[in-house]
Amino acid sequence: MTAPAQAQLTRRPRFRLEPYIQFAQKAAAREATYRFDVFTTIASVLVRVYLLRMVWIALYARNVTSEDLPLHAIITYSTVALLMGLVMDIDQTRTLHDKLHSGGIATDFMKPINVPLYFFSDGSGEVLFHAVLIVPSLLFSLLIVHIDVPGPLVLATFFASFFLGYLVGFCVNFIMNCIAFWTLEIHAARLIVTWVSDLFGGEVIPLVIFPLFLQKVAFVLPFAAMFSTPLLIYVGVIKPERYAQALGSQAFWVIVLGLVATLMWRAGAKRVVVQGG
Amino acid sequence: MVGVYKQYWRINVLTTLEYRENFLIWFAFTFVYHGTSVLALWIVLNRFPSMNGWSFRDMAFLYGLWMLAHAVHNTFFSTVGDIPDHIRDGEFDRLLVRPLDTLFQAIATPGQIFPDELLLGLITFGVVTWYAGVRVDATFVLFVPLIVLGGALIDLAFNLIISTVAFWFVRVDALRWIVVQLEQEFTRYPITIYSRGVRTLLTFVVPFAFMNYFPARFFLHKAHEGAMLPAYVGLLTPAIGIAFVAIAYAFWRVGLNRYSGVGN
């Protein structure tokens with residue numbers, strides 16, 4: 001164990017919040033420098049809003065339609081999902097992987113900070129910047145589609161559920177990047193998890209449209225807690241009497257995945273420190 | 001040139017064999033990627049059995065055709081997409097002073113390319129042809145390889161155009177990402193579901209509809225749908241591919257001249 005690392009363990013400094021706010025601000029500023037990316041991100045959301053609208057219209061035109069989800073509800077679902085994706089689809093803890101690759105993680109351990117919290121605030125800064133993009137994306141989307149707006153109770157529950165979904169997403173992401181403590185080649189594995197979670201999280205296709213046996217699979221996996229739950233609350237498929245249950249299962253996943261992430265982090269951090277940083 | 005190209009593939013295959021585990025992971029990656037896409041189509045069409053008259057069997061053929069053409073591109077031409085990286089780190093200048101065509105050298109820069117996607121594409125195409133009940137006659141045998149090659153050339157043309165843009169703007173990652181995304185999503189469904197403007201765009205400006213929609217429409221005998229173009233345009237894909245590669249190559253020459261002209 002290096003001397004500074006030991007010092008950190010023995011003499012823990014008093015916790016202060018300001019540095020973490022600074023980390024978040026820096027991350028947001030860093031993101032804002034890629035202006036062209038901002039433009040393409042918004043453009044790509046708009047194109048996909050159009051595409052999904054046309055797909056659902058074509059599917060609803062010639063088939064027996066779903067009573068749960070009439071055409072306007074499913075278009076609302078897809079559009080809100082794409083806007084949520086602006087925040088959810090970000091690899092917030094990519095820096096963890098990058099730093100494990102470059103070895104920069106060693107110096108982070110020497111700093112008088114809580115390292116996982118550093119990654120959380122860095123990722124959140126990036127996410128908050130992208131959250132700002134929701135506003136222009138939403139305004140332009142309204143030129144292409146009509147979005148249903150539910151009542152205040154539903155909306156409030158949706159935001160609560162969205163937040164829990166964000167935490168689930170953060171944990172899944174953090175766990176994936178923690179794998180880099182053991183093997184650095186995680187790129188393909190990450191993408192595989194991303195696609196499976198896109199499909200089984202209900203980001204593109206509402207889970208209620210899935211055949212029953214696949215619905216069962218989807219509701220056992222944690223991914224449904226990321227997109228499906230908030231979205232089904234938004235479009236009213238999950239009724240107020242089931243809110244407690246829905247939010248409860250999301251909270252369950254936050255706790256379980258949070259625990260897994262913590263254990264992996266501890267084991268991984270030990271490896272780095274034991275090997276001498 | 002042929003000798004150089006052979007050596008290039010030898011290095012690719014040897015490199016891949018050396019990193020066997022990586023190769024297995026990337027194979028799983030390709031498999032899951034296409035697997036989830038097809039599963040998504042199946043889920044939707046299981047619930048809503050017809051998309052503008054196209055069943056899941058038709059849509060599977062549409063997907064298989066695109067997948068094969070795209071796999072041919074990814075296997076033989078994907079290195080064109082690395083040109084911006086070479087320009088950024090200065091590697092590109094080395095290609096300029098060698099006595100072989102620059103674009104050829106860029107294409108034949110060894111990496112870790114293995115025909116896993118091509119293999120998967122061929123198998124998938126065989127399965128969906130049978131599954132969609134497409135009649136395998138002389139026209140099919142004669143034209144499908146040409147159509148697949150034409151589709152790969154359309155892909156190559158856009159890949160080359162984006163890489164050429166890097167002579168002016170160094171970072172083109174976002175642009176490439178958006179074009180790849182759009183290609184994937186817009187080739188997945190029959191273009192009749194889009195508005196007239198978007199259909200025209202996909203036919204004449206960014207002709208992704210020639211990669212799979214028009215040929216599939218021909219082989220599935222769906223030409224009557226929508227009073228658009230006659231059925232045989234589905235066989236024009238090779239010509240369209242060559243034309244667009246020619247346009248892309250002309251643009252490439254302009255970019256290249258500008259690049260070496262400034263004395264970089």
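This is a predicted model: local features need pLDDT of at least 70, side-chain atom pairs count only at pLDDT 80 or more; totals for chains, interfaces and linings use all residues.
Residues are numbered from 1 along each chain as its sequence is written, and chains are lettered from A and ligands numbered from 1 in the order in which they are written.

**View 1. Helix α1 of chain B, end to end.** This helix takes in residues 2-18 of chain B. (Helices are DSSP runs of H or I with at least four residues, strands are runs of E with at least two, and both are numbered from the N terminus.) Its 17 residues should span 24 Å at 1.5 Å a residue, and the end C-alpha atoms are 25 Å apart, which agrees. (The expected span is 1.5 Å times one less than the number of residues.)

**View 2. Chain B as a whole.** Here you'll find 12 helices and 0 strands. The radius of gyration is 19 Å, close to the 18 Å from the globule rule for 264 residues, so chain B is as compact as a globular protein of that length. (That radius is taken over C-alpha atoms, and the rule is 2.2 Å times the number of residues to the power 0.38.) Along its principal axes, the C-alpha trace spans about 60 × 40 × 35 Å. Buried residues make up 36% of chain B.

**View 3. Where chain B touches chain A.** On this side, 29 residues of chain B are in contact with 28 residues of chain A. (In contact means that the C-beta atoms, placed from the backbone, lie within 7 Å.) The elements of chain B giving two or more residues are α2 and α9 (173-186). Helix α2(B) supplies the largest share, 14 residues. By class, chain B's side has 21 nonpolar, 6 polar and 2 charged residues. (Nonpolar covers Ala, Val, Leu, Ile, Met, Phe, Trp, Tyr, Cys and Pro; charged covers Asp, Glu, Lys and Arg; the others, Gly among them, are polar.)

**View 4. Helix α9 of chain A beside helix α2 of chain B.** The axes of α9(A), residues 187-200, and α2(B), residues 20-47, come within 9 Å and cross at roughly 10°. That makes α9(A) roughly parallel to α2(B). (Angles under 35 degrees count as roughly parallel.) Among the residues that meet are A:W195 and A:L199 from α9(A), with B:W26 and B:F29 from α2(B). This contact has 15 nonpolar, 1 polar and no charged residues.

**View 5. Two residues in chain A.** Chain A, too, comes to 12 helices and 0 strands. A:I57 sits in α3(A), residues 35-61, and counts as partly exposed with 14 C-beta neighbours inside 10 Å. A:I57 and A:L71 are 14 residues apart in sequence and 7.2 Å apart in space, C-alpha to C-alpha. Now look at A:S141 in α7(A), residues 115-144: with 23 C-beta neighbours inside 10 Å, A:S141 counts as buried. Setting aside neighbours within four places in sequence, A:S141 is in contact with A:L46, A:V49 and A:T79.

Conventions
Axes are lines fitted to C-alpha atoms, for helices over the stretch in contact, and angles run from 0 to 180 degrees between N-to-C directions. Angles under 35 degrees count as roughly parallel, over 145 as roughly antiparallel, 65 to 115 as roughly perpendicular and the rest as oblique. Two residues are in contact if their C-beta atoms, placed from the backbone, lie within 7 Å. A residue is buried if 20 or more other C-beta atoms lie within 10 Å of its own, exposed if 12 or fewer, and partly exposed in between; C-beta atoms are placed from the backbone.
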